[in-house]
Amino acid sequence: MKTTLNLLILCYLFCIAMPSVASTLNVSTLETEELRTREIGLLPPSNLPDAMLYYDFNDVPSGNVIIDKSPNGYDGVAANCVWSSAGKFHGGAMSFGSNVANINVGTTPNFPTWESYSVSVWFLHDGGDYFNYNFNSKIIDKTSYWHDWHLHVFSPGGNFYPGNIGWTLYENSQSAGAHIMDKNYGDGNWHHIVAIRAGSHGELWVDGVCKQTIENMISVYSDSAMCVGNSYSGDSNQRTPWSGLLDEVMIFDRALSSNEVSSLFTDGVLSHPTNDVPTAITVTTNVVIQGALTVTGKVSFAGGVIYCKPLGDLSSGPYTNSTVVLP
């Protein structure tokens, strides 16, 4: 569905109407006699609107409230952890350095019960040791007795799996998970982890690489609150705090694609809206485009448009208050 308007388009209101959340963009200048791509095409996403939860830690928290930048309002409550300006992306991060440091997200979103989800976090382990053989240094945890879901890094200086990454799922007598043993990730550097479920299939990505797949994924039904940087489990062995920084905590209600994981690792944002549809653009000033403009989808004109055909073709015609549906 494409048409090309050549040489000159003069319109009073030009709208590319697509089935997505609309945004308004006022255009008053042209660069090199053409609209910039961002002004007529795909716009970068704002706060990952399809994420179910998004803590970017960009701003110093007001009091102890961690604002959820998704539209869903899952604000967290921080205790005994502090904001740091040394974030991986977008400004800040949260620093955890005590046995009782944590961010309480609440019992929802209850993502471990979902058939599809993705959990993405940037972490920096500073080498601090809160040693426990099974459950060291929690990144994300939603665990109660016999209902375990957590991402963690083993003690970097311990005797068992030093600095290895673990993803544990346990529901009564069923278990699943992954164990990344290729290096010590408690090295004081930033690392990116993404845990993905798609039905019975699971993937654990580290630093843009799929390190392990799982084919026996299970749902976990914990009534505990989700905890960032610690655990609220009644089992004291589970309450093993993070030591270092956490940033860019995101939860999606779907399995991210490999390209999306790569984009989060490289840029800290998804490279495009997840439905692959351009955001609707409304231009409220006259726009002159010299050259070629290719439009895909539906085009609406209000106030009239004058369309001049290429040189040698002297015909032209106005399209007034009309909607043109491209074949």
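Is F160 buried, exposed or partly exposed, and what is its relative accessible area? In this predicted model, F160 is partly exposed, at a relative accessible area of 41%.

**View 1. Overview of the chain.** Two helices and 26 strands make up the secondary structure of the chain. The chain has 327 residues, of which 46% count as buried. Among contacts with a separation of 6 or more, 67% are between residues 24 or more positions apart.

View 2. F160, Y161 and M181 make a nonpolar surface patch of about 300 Å². F160 is located in the loop between strand 12 (147-153) and strand 13 (165-171).

**View 3. The aromatic pair of W146 and Y170.** Ten aromatic pairs are found in the whole structure. One of them, formed by W146 and Y170, is tilted, with 6.3 Å centre to centre and 50° between the planes. W146 lies in the loop between strand 11 (138-141) and strand 12, whereas Y170 belongs to strand 13, so the pair ties together parts that are 24 residues apart in sequence. W146 counts as exposed, at 58% relative accessibility, while Y170 is partly exposed, with a relative accessible area of 25%.

**View 4. The aromatic cluster.** F111, Y117, W149 and W167 are linked into a cluster by ring pairs.

**View 5. Lysine residues over aromatic rings.** K88 places its charged end over the ring of F89, 5.7 Å from the ring centre. K183 lies over the face of Y185, at 5.3 Å from the centre of that ring.

Definitions and conventions: Residues numbered from 1 in each chain as written. Predicted model: local features only at pLDDT ≥ 70, side-chain atom pairs only at ≥ 80, totals over all residues. Heavy atoms only, no water. Patch = residues over 30% accessible without salt bridge, like charges linked within 9 Å, V, L, I, M, F, W, Y side chains within 5 Å. Areas by Shrake-Rupley, 256 points an atom, 1.4 Å probe, with all protein chains shown as cover. Salt bridge = Lys/Arg side-chain N within 4 Å of Asp/Glu carboxyl O. Helix = DSSP H or I, 4+ residues; strand = E, 2+ residues; numbered from the N terminus. Buried < 20%, exposed > 50% of the residue type's maximum accessible area, 1.4 Å probe, protein only. Contact = heavy atoms within 4.5 Å. Phe/Tyr/Trp six-rings, centres within 6.5 Å; stacked < 30°, edge-to-face > 60°. Lys NZ or Arg CZ within 6 Å of the ring centre and 35° of its normal.
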